[in-house]
Amino acid sequence: MAADCIFCSIVDGSIPSRTVYEDSETLAFLDANPLAPGHTLVIPREHYARLDDLDASLAGSVLETLHELVEPVESAVEADGSTVAFNNGPAAGQEIDHVHGHIIPRFDGDGGGPIHAVAGSPPELEESELDSIAESITDSHDGE
Ligand code: AMP
Ligand code: ZN
């Protein structure tokens with residue numbers, strides 16, 4: 001539990017929420033300022049700031065809850081699809097530093113953009129730069 005964290009306060013019940021799902025590790029509730037009807041947030045109960053702060057097991061639990069809820073959220077508001085995403089860190093627009101995944105219902109012709117629209121100007125990268133970035137990621141990750 002982190003002091004002054006709105007989402008920790010939702011977990012401990014001191015701030016109300018429209019909770020739609022809970023289990024021992026995760027909680028999901030409606031976003032208070034929805035970008036679309038049914039906009040839902042999924043959080044780990046424990047406070048971590050960023051997705052990469054979660055261990056693999058807890059990250060898996062958060063993804064399981066997102067996976068579990070996509071269909072019920074979409075059908076509750078008769079959506080045609082959904083954008084499922086994390087703002088990971090302040091540079092990416094994360095305003096609440098308790099990691100949370102968004103399920104944002106989407107509707108044909110809703111005027112919103114795809115994930116491709118979230119970044120600034122796309123960079124122009126040489127083949128050698130792409131190779132070097134790929135190599136750097138491969139060399140630094142923990143997985144097999
Ligand atoms: P982000 O920009 O990814 O940090 O998103 C934070 C989200 O939390 C925003 O979509 C807010 O509308 C939402 N939010 C803020 N306070 C509350 C609250 N008390 N209950 C539910 N959602 C909230
Ligand atoms: Zn928190």
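This is a predicted model: local features need pLDDT of at least 70, side-chain atom pairs count only at pLDDT 80 or more; totals for chains, interfaces and linings use all residues.
The secondary structure of the chain consists of three helices and five strands. Followed along the sequence, these elements are arranged in the pattern α-β-β-β-α-β-β-α. The C-alpha trace spans about 50 × 40 × 30 Å along its principal axes.

The largest pocket has a volume of about 1000 Å³. Its lining is made up of 42 residues, and those nearest the centre of the pocket are Asp31, Leu35, His39, Leu41 and His102. Four elements are listed as giving two or more residues to this lining: helix 1, strand 2, strand 4 (81–85) and strand 5 (101–106). Strand 5 provides the largest share, with four residues. By residue class, the lining of the largest pocket comprises 24 nonpolar, 13 polar and five charged residues.

Around ligand 1 itself there are 16 residues, of which Asp31, Asn87, Glu95, His100 and His102 come nearest. This shell divides into eight nonpolar, six polar and two charged residues.

In the side chain of Asp31, an N or O atom is 2.5 Å from an oxygen atom of ligand 1. For His102, a polar side-chain atom lies 2.9 Å from an oxygen atom of the ligand. Gly93, by contrast, approaches through its backbone, where an N or O atom lies 3.0 Å from an oxygen atom of ligand 1. On its own, ligand 1 has 510 Å² of accessible area, and the protein covers 83% of this area.

With regard to secondary structure, helix 1 (6–11) and strand 2 (26–30) are the elements that give two or more residues to the shell around ligand 1. Helix 1 contributes three residues, the largest share of the shell. Helix 1 and strand 2 are also among the elements that give two or more residues to the lining of the largest pocket, although the largest share of that lining comes from strand 5.

Terms used. Residues are numbered from 1 along each chain as its sequence is written. Chains are lettered from A and ligands numbered from 1 in the order in which they are written. Side-chain values use heavy atoms; hydrogens and water are left out. A residue is near a molecule or strand if one of its heavy atoms lies within 4 Å of it. A polar contact is a pair of N or O atoms within 3.5 Å; within protein, one must be able to donate a hydrogen and the other to accept it, and residues adjacent in sequence count only if both atoms are side-chain atoms. Accessible areas come from the Shrake-Rupley method with a 1.4 Å probe; for residues, only the protein chains shown count as cover. Ala, Val, Leu, Ile, Met, Phe, Trp, Tyr, Cys and Pro count as nonpolar, Asp, Glu, Lys and Arg as charged, and the others, Gly among them, as polar. On a 1 Å grid over the protein atoms alone, a cavity is a set of points where a 1.4 Å probe fits but cannot get out, and a pocket is an open set with protein on both sides within 12 Å along at least five of seven lines; lining residues have an atom within 4 Å of a point. Grid points are joined across faces, edges and corners, and a volume is the space filled by probe spheres set on the points.
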